[in-house]
Amino acid sequence: MTKKQNIKDLSQEQLQEYLKNIDEPGFRTKQIWQWLWQKNVTNFEQMTNLSKKLRAQLEKDFVMEPVQIHSYQQSLADGTIKYTFRLSQGHLIEGVLIPSRRSERVTACISTQVGCPLGCKFCATGTMGLKRNLKAYEIYDHLWLLNEESKRHFGRKLTNVVVMGMGEPLLNLDNVLRALDIVMSEQGLAMSPQRITMSTVGIIKELYRLADMAPKFNLAVSLHSAIDDVRSQIMPVNNSNPLNELIDALKYFHKKTGKRITFEYLMLGGVNDNIKDARALAEFTRNFPSKINLIEYNETPQSIFRKSQPERVQEFINFLENRNIIVTFRRSKGSDIAAACGQLVKITEKNKQLFDIKHINQKK
Ligand code: SAH
Ligand code: SF4
């Protein structure tokens, strides 16, 4: 028996075509589309404005495989909530809700792959390897659920989205773009592209492809070093995507989109936090309008690195600011529940203890 198709794998045109073939009127497309994306129902029965007959027909022809919340933990330190979602074949992925203390902002951090194949040395997700790409609807659905959770916990909708959870978005670009299109559409979550940021290590070939589509959302590049040798050591992907090629691709991206590029730079003690590293970074970022986010390193269970000393961070910032470069320093949020970037990793029996919030709080 062949497996039935997931109805959310259909584009709006394909859905329309299907409905035409079963002699349903055109306006049904919009109705069903809204049930699927805006209301995100989990079975056909819930599509109450359709006839019983049509619901039965949909049930016969398609499946729905909803993403479900598996568990969550809230950080006592800053209110960040880390969620684990279960996909229909049992894989677990993670997403994070990050409330702001000072503003109305609530940011969701979402995943694009189960695991990641790129194995950056500082990143917990990298140790998992790639299990599989997320489908577009799986990316969308866990964001939709995070939006509901934001209303429930914080009394307001999401204001921002960062594609910075598990996985490398440029290695699953078509599905990521399809999901974001619906996130931005009126019939989805109607989010403004200015409030969406995709983070990538910079897969050159895909950067060109993305640039040609002139996306309206923001791009952040995980740089972490502007010196090839250093970057290759901590990010093996740099061997096949070296910095000179990255510069050309990003110049092209800027030309096509007119956008400023954000660079993320983890401060790793003794690895990339010297003045010579700051100088290389300053030179690198001169190639395009840019902004630098220095990030405090979250030590992961398997960490071989340490975070930079505060004095080192300050010297680094001073060096850049003296050259009129826009730089911010981002403290890790949710680090007590392993919700911070790079700590998103599958919870297994072996590392379960490390993810137990009670265990972590007792330690304090
Ligand atoms: N694969 C993409 C998006 C996911 S990672 C990328 O690498 O950009 C999101 C961000 O978290 C990246 O900037 C990554 O470098 C950073 N990160 C990874 N491990 C981290 C850690 N242990 N502490 C802080 N940030 C980390
Ligand atoms: Fe993958 Fe990003 Fe982690 Fe590198 S930092 S292993 S690219 S998720």
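Tutor: The chain is divided into domain 1 (5–63), domain 2 (66–192 + 346–364) and domain 3 (201–333). These bounds come from an automatic or database domain assignment. This is a predicted model, where local features need pLDDT of at least 70, side-chain atom pairs count only at pLDDT 80 or more, and totals for chains, interfaces and linings use all residues. Residues are numbered from 1 along each chain as written, chains are lettered from A and ligands numbered from 1 in written order, and side-chain values use heavy atoms, without hydrogens and water.

Student: How far apart do the C-alpha centres of domain 1 and domain 3 lie?

Tutor: Those centres are 44 Å apart.

Student: Why is H1 called oblique to H2?

Tutor: Helix H1 (residues 12–21) and helix H2 (residues 27–38) pack at about 125 degrees, with axes 9 Å apart. Under 35 degrees counts as roughly parallel, over 145 as roughly antiparallel, 65 to 115 as roughly perpendicular and the rest as oblique. The angle therefore makes H1 oblique to H2.

Student: Which residues make that contact?

Tutor: Contact means heavy atoms within 4.5 Å. H1 brings Gln12, Leu15, Gln16 and Leu19, and H2 brings Arg28, Thr29, Ile32 and Trp33. They divide into 4 nonpolar, 3 polar and 1 charged.

Student: What makes H4 and H5 oblique?

Tutor: Helix H4 (residues 136–154) and helix H5 (residues 173–184) pack at about 40 degrees, with axes 7 Å apart. H4 and H5 are therefore oblique to each other. Ala136, Ile139, Tyr140 and Leu143 in H4 meet residues of H5, among them Asn175, Arg178 and Ile182.

Student: Which residues are around ligand 2?

Tutor: They include Cys116, Cys120, Cys123, Phe122 and Val201. A residue qualifies if one of its heavy atoms lies within 4 Å. The shell divides into 6 nonpolar, 3 polar and no charged. Ala, Val, Leu, Ile, Met, Phe, Trp, Tyr, Cys and Pro count as nonpolar, Asp, Glu, Lys and Arg as charged, and the others, Gly among them, as polar.

Key: Axes are lines fitted to C-alpha atoms, for helices over the stretch in contact, and angles run from 0 to 180 degrees between N-to-C directions. Helices (H or I, at least four residues) and strands (E, at least two) are DSSP runs, numbered from the N terminus.
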